[in-house]
Amino acid sequence: MNRITLLSILVAAGMSMFSCTRLESDTYERFYLQTDGADLAVEVNGNIASGTFIILLHGGPGGGSYGYNSGLYSETLEESLAMVYLDQRGQGASQGVYAADDVTLQQFADDIYALVLLMKQKYGESSKIFLMGHSWGGTTGTYALLNTDVQDEITGWIEADGAHDIPLINKTAIPMFLEIGNEEVSAGRNTEQWQEILDFANSVDTSNISVDEGGQINNFGYTAEGLLEQITTGESGEGGFSHGLIGMPIFSLSTVLSNLFTSNTIFDETETTALTNRLREITVPVLLLWGKYDFVVPPALGESALERVSSQDKRLVIFETSGHSPMDSEPEAFSAAIISFVDQYR
Amino acid sequence: MRILFCWLCLFPLLLLAQSPDKVSLSYFGESAIHPGLKLGAEWTLGSATKEKTRWFKKRRQKIGAKAIQHDFLLSSSLGGYIFPNNHNGYVLHAVLGWRKTWTRKGRFIGAGLGAGALYRAYNVPVYTLETGAEPLSGGYAQFTPLLTMSYGRDLENMTGLPVSWYIKPVFWAGIPQAHTIVPNAGLELGILYHL
């Protein structure tokens, strides 16, 4: 290969990496919402003209929406409606300047309410807006439902493996470890790893679980899911992420560190948050989506939420071959359940 | 904060009363990959050269003594970068540094401590509840104490060209960002022209 050809290839490769800021279109918008000192990064993808929006609240804390913005489930949903990917305060591409005292679940809830109000201003008061919280997004979403007036503005609440009660998570994960762990050991599958989990589970006093033990329960939850053959890997979508490498709005050391600092700041409040006793205050239509083998946020939380919410329309869907992320394990069934729920209210 | 920014802006102008020794043009990439450019100038505040006798006589006779030059520098630069779908950054840096040059082949290493200002101007629309569906522009300013390291080569001795090239990782703290101070990093690849 001569030098000119090599140089041409290098220049073309370099130019292809440099995706510009993506332009707004009928199916894409990206903006910041300034509220209470924070600049919240929001990306709207999909069928904006449908007038139906699902605001996705990501997991964490210290996560971001970017990992949710791809895959078969999001492609399917975005054909039917518009997905709104919010980076919650201090996470993802969100930034701005505010005090440490502003990093509270109440503030996260206020941010969610502010976004719902902005969506109505921007896309019309007749827009149908649903909130969907996954994992820690279930914490902040449930907190918003109970501590702001957001229920007056939204059409429904979708909770996917949502962590609205950390003490209850810890308490219900232990019997799940014991039940499934003993089955796996009896079957001779990954016995050494499961025995470590079983030994830990047997050592925990479920009437008095410490914060450290809670952290260990969370770690073992992910470990346990990794050991189970019953959890499937779903089909991936056709497209990748909505931006190239250079255009990825979160590719920065400062993003990674901001995520970490925010996670550390909100950790203590998250660990002690228990909203089960107030779930009866939820009256909007509710769809609960749970992986059967979710050790991180056990299905017992979904079952308890189904009993307690006061909604007239409430349903729980258990995904039989999923753990903590059914949108990845069973994307077709996951998106079908959401579309079936949302379509009733269009 | 505003007074500090004013001084950072004025300080290089004060130095212009004395002509710089070198000027620079560099690629400046936030997180290395978010592309930008910087223009700069450098003043040598002090310089010292140490000579060491080479061990082998024939080598000594062929190329002379080993000379290592230590320079103490003040540099100032202005530039910007684009972080697509996030913000455009405008930077002003002032750095006190040190450079050690092996004069025969011109290779050098260096380090510096300095201060800077960064304005993050969002390159997507901004909305507030007060202004509703009317898009605005937005951003915020940071004070950025910084640390630099460099490696490069002065080509003047070997080739007669009055230029050096360098590669320079830059680390800074964004004050304030979110609810705290958030570190960040960038990469500079540049050319120094010797005046």
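Q: How many helices and strands are there in chain B?
A: Chain B of this predicted model has 3 helices and 10 strands.

Q: And in what order do the elements of chain B run from the N terminus on?
A: The order is α-β-β-α-β-β-β-β-β-β-α-β-β.

Q: What does the C-alpha trace of chain B span along its principal axes?
A: The span of that trace is about 80 × 30 × 30 Å.

Q: What is the mean pLDDT of chain B?
A: For chain B the mean is 90, and 91% of the residues reach 70 or more.

Q: And what does chain A average?
A: Chain A has an average pLDDT of 92, with 92% of its residues scoring at least 70.

Q: Where in chain A does pLDDT stay under 50?
A: That happens over residues 11–19 of chain A. The model has 9 contacts beyond four places in sequence for this stretch. Where pLDDT is low, the predicted coordinates should not be read in detail.

Q: What ipTM and pTM does the predictor give the complex?
A: The complex receives an ipTM of 0.89 and a pTM of 0.91.

Q: How much area do chain A and chain B bury between them?
A: The two chains bury about 3100 Å², and 61% of that area lies on carbon and sulfur atoms.

Q: What is the count of salt bridges between chain A and chain B?
A: The count is 0 salt bridges between these chains.

Q: Now the helices of chain A: at what angle do the axes of α3 and α4 cross?
A: Helix α3 (residues 105–123) and helix α4 (residues 136–147) of chain A cross at roughly 80°, and their axes come within 8 Å. That angle makes α3(A) roughly perpendicular to α4(A).

Q: Which residues meet there?
A: From α3(A), the residues are A:Leu105, A:Gln106, A:Phe108, A:Ala109 and A:Ile112. On the side of α4(A), those in contact include A:Trp136, A:Tyr143, A:Ala144 and A:Asn147. By class, the contact of α3(A) with α4(A) has 7 nonpolar, 5 polar and no charged residues.

Q: What about α5 and α9 of chain A, at what angle do their axes cross?
A: The axes of α5 (residues 166–186) and α9 (residues 299–308) of chain A come within 8 Å and cross at roughly 125°. The helices α5(A) and α9(A) are therefore oblique to each other.

Q: Which residues meet in that pair?
A: A:Leu168, A:Ile169, A:Thr172 and A:Met176 of α5(A) meet A:Pro299, A:Ala300, A:Leu301 and A:Ser304 of α9(A). This contact of α5(A) with α9(A) divides into 6 nonpolar, 2 polar and no charged residues.

Q: A change of topic, to the backbone: which residues does the cis peptide bond in chain A join?
A: A cis bond joins A:Gly60 and A:Pro61, with omega about -5°. A:Pro61 lies in the loop between β3 (52–57) and α2 (72–80) of chain A.

Q: And which residues of chain B does a cis peptide bond join?
A: In chain B such a bond joins B:Ile175 and B:Pro176, and omega is about -10°. B:Pro176 is placed in strand β9 (residues 163–177) of chain B.

Q: Is phi of A:Asp161 positive or negative?
A: Phi of A:Asp161 is positive, near 50°, in a residue other than glycine. A:Asp161 sits in the loop between β7 (156–160) and α5 of chain A. Most residues other than glycine have a negative phi, and most peptide bonds are trans.

Definitions and conventions
Residues are numbered from 1 along each chain as its sequence is written. Chains are lettered from A and ligands numbered from 1 in the order in which they are written. This is a predicted model: local features need pLDDT of at least 70, side-chain atom pairs count only at pLDDT 80 or more; totals for chains, interfaces and linings use all residues. Side-chain values use heavy atoms; hydrogens and water are left out. pLDDT is the predictor's confidence in each residue, from 0 to 100. Axes are lines fitted to C-alpha atoms, for helices over the stretch in contact, and angles run from 0 to 180 degrees between N-to-C directions. Helices (H or I, at least four residues) and strands (E, at least two) are DSSP runs, numbered from the N terminus. Angles under 35 degrees count as roughly parallel, over 145 as roughly antiparallel, 65 to 115 as roughly perpendicular and the rest as oblique. Contact means heavy atoms within 4.5 Å. Ala, Val, Leu, Ile, Met, Phe, Trp, Tyr, Cys and Pro count as nonpolar, Asp, Glu, Lys and Arg as charged, and the others, Gly among them, as polar. Buried area is the accessible area (1.4 Å probe) that two parts lose on being put together, summed over both. A salt bridge is a side-chain nitrogen of Lys or Arg within 4 Å of a carboxyl oxygen of Asp or Glu.
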